Amino acid sequence: MNSLLRMRLIGVAIAFVIYGVDQYVKWLMVEPLQLRQRGVIDLLPFFDLRWTQNFGVSMGMFEADSFESRWILVGVTALIALVVTIWMFREKALGDILGLSMILGGALGNIKDRYELGYVIDYADFHIGDFRPFLIFNIADAAITIGVLIILARAFFMRDKDDEEVDDLMHGKPADAAESN
């Protein structure tokens with residue numbers, strides 16, 4: 001098996017691990033912890049488990065408040081997951097594959113909730129007193145956010161590296177001399 005195929009399979013495995021962990025923790029919230037009935041479980045002065053049914057997407061935008069809008073949202077997010085999957089299988093850099101696999105795993109976890117329940121189960125409530133720097137979230141949301149940050153950071157830093165190589169070539173340095181610096 002070549003290394004590129006291995007990296008892509010690692011990406012698929014990471015996506016399924018994130019999906020599995022997300023679904024397992026959501027099951028823990030619903031069944032053993034009965035968070036829906038309890039509402040809130042105070043854990044730390046700055047972190048609680050708080051039952052939330054998220055009918056929208058990121059930051060409450062595009063709330064699916066009808067049967068039709070629910071299925072449109074499922075379809076759109078499934079299409080995005082498909083695009084991320086195709087992108088991941090075309091990618092050659094392990095860092096990008098890692099970021100995309102995190103996005104894919106998180107998207108699959110939230111799509112499953114929305115498909116089966118009509119909403120996404122959110123429960124992680126980080127707060128400082130009454131101030132909440134984030135909306136209540138779940139593992140899938142965290143994986144998507146971290147994956148996007150990895151992709152953005154790699155794009156930013158890779159662009160700088162590419163710009164340096166172009167500058168070196170424009171100033172007469174051969175490409176292999178630029179690599180040795």
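Reader: In which helix is the place of N110?

Author: The model is predicted, so local features need pLDDT of at least 70 and side-chain atom pairs count only at pLDDT 80 or more, while totals for chains, interfaces and linings use all residues. Residues are numbered from 1 along each chain as its sequence is written, and side-chain values use heavy atoms, with hydrogens and water left out. Helices are DSSP runs of H or I with at least four residues, strands are runs of E with at least two, and both are numbered from the N terminus. On that basis, N110 has its place in helix α4.

Reader: Is N110 buried or exposed?

Author: Buried means under 20% relative accessible area, exposed means over 50%, and partly exposed lies in between, with a 1.4 Å probe and protein chains only. The relative accessibility of N110 is 11%. Contact means heavy atoms within 4.5 Å; leaving aside neighbours within four places in sequence, N110 is in contact with residues including D22, K26 and N138. Because its relative accessibility is 11%, N110 counts as buried.

Reader: What span does helix α4 reach from its first C-alpha to its last?

Author: Helix α4 covers residues 94–117, which is 24 residues. The expected span is 1.5 Å times one less than the number of residues, and for α4 this expectation is 34 Å. Just after α4, G118 takes a positive phi of about 90°. The span of α4 is close to the expected value, at 34 Å.

Reader: How are α1 and α3 oriented where they pack?

Author: Helix α1 (residues 3–30) and helix α3 (residues 67–90) have their axes 9 Å apart and pack at an angle of about 150°. Axes are lines fitted to C-alpha atoms over the stretch in contact, and angles run from 0 to 180 degrees between N-to-C directions. Angles under 35 degrees count as roughly parallel, over 145 as roughly antiparallel, 65 to 115 as roughly perpendicular and the rest as oblique. The angle therefore makes α1, relative to α3, roughly antiparallel.

Reader: Which residues of α1 and α3 make the contact?

Author: From α3, the contact is made by M88, F89 and R90. On the side of α1, the residues are R8, G11 and V12.
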